[in-house]
Amino acid sequence: MQITPKQCRAARGLLSISQQDLAKMANVGLSTIRSFESEKSTPIANNIKAIQVALEQAGIQFIDNGVITSH
């Protein structure tokens, strides 16, 4: 499952982290996060995976039906 921009925004909200925080956590550029969340572009698969892994390591659980929860 690949996360969506909406899930990314919601996960950041649950964690109370900024786009800049997430960029650092995922080791991707801030512009990658901004473009993804605003749906202006889709990052390469490796970057989306890095974003998802960073959020999961911070306690977010993505469920197949699109719901997210935090631990």
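At 57% relative accessibility, E39 counts as exposed, a class that applies over 50% relative accessible area, with buried meaning under 20% and partly exposed lying in between (1.4 Å probe, protein chains only). Most residues other than glycine have a negative phi. The structure is a predicted model, in which local features need pLDDT of at least 70 and side-chain atom pairs count only at pLDDT 80 or more, whereas totals for chains, interfaces and linings use all residues. Residues are numbered from 1 along each chain as its sequence is written, and side-chain values use heavy atoms, with hydrogens and water left out.

A positive phi is also found at S16, where the angle is about 55° although the residue is not a glycine. S16 lies in the loop between α1 and α2 and is exposed, with a relative accessible area of 66%. Each of these residues comes after a helix, S16 following α1 and E39 following α3.

Within helix α1 (residues 5-15), the buried residues are P5, Q7, C8, A11 and R12. They cover an arc of only 160° around the axis, which puts them on the same side of α1; the arc is that of the directions from the helix axis to the C-beta atoms. L14, also placed in helix α1, counts as partly exposed at 45% relative accessibility. Although L14 and G59 are 45 residues apart in sequence, their C-alpha atoms are 9.6 Å apart in space.

In α3, burial applies to T32, I33, F36 and E37. Seen down the axis of α3, these buried residues fall within an arc of 115°, so they line one face of the helix. An α-helix has 3.6 residues a turn, so residues three or four places apart point the same way. The buried residues of α3 pack against α1, α2 and α4, contact being taken as heavy atoms within 4.5 Å.

The axes of helix α3 (residues 30-37) and helix α4 (residues 45-57) come within 11 Å and cross at roughly 90°. Axes are lines fitted to C-alpha atoms, for helices over the stretch in contact, and angles run from 0 to 180 degrees between N-to-C directions. α3 and α4 are therefore roughly perpendicular to each other, a term covering 65 to 115 degrees. T32, I33 and F36 of α3 make the contact with N47, I48 and I51 of α4. By class, this contact has four nonpolar, two polar and no charged residues, where Ala, Val, Leu, Ile, Met, Phe, Trp, Tyr, Cys and Pro count as nonpolar, Asp, Glu, Lys and Arg as charged, and the others, Gly among them, as polar.

When residues up to four places away in sequence are not counted, L22 touches C8, R12, I17, I33, E37, I51, A54 and L55.

Note on methods
Helix = DSSP H or I, 4+ residues; strand = E, 2+ residues; numbered from the N terminus. Parallel < 35°, antiparallel > 145°, perpendicular 65-115°, else oblique.
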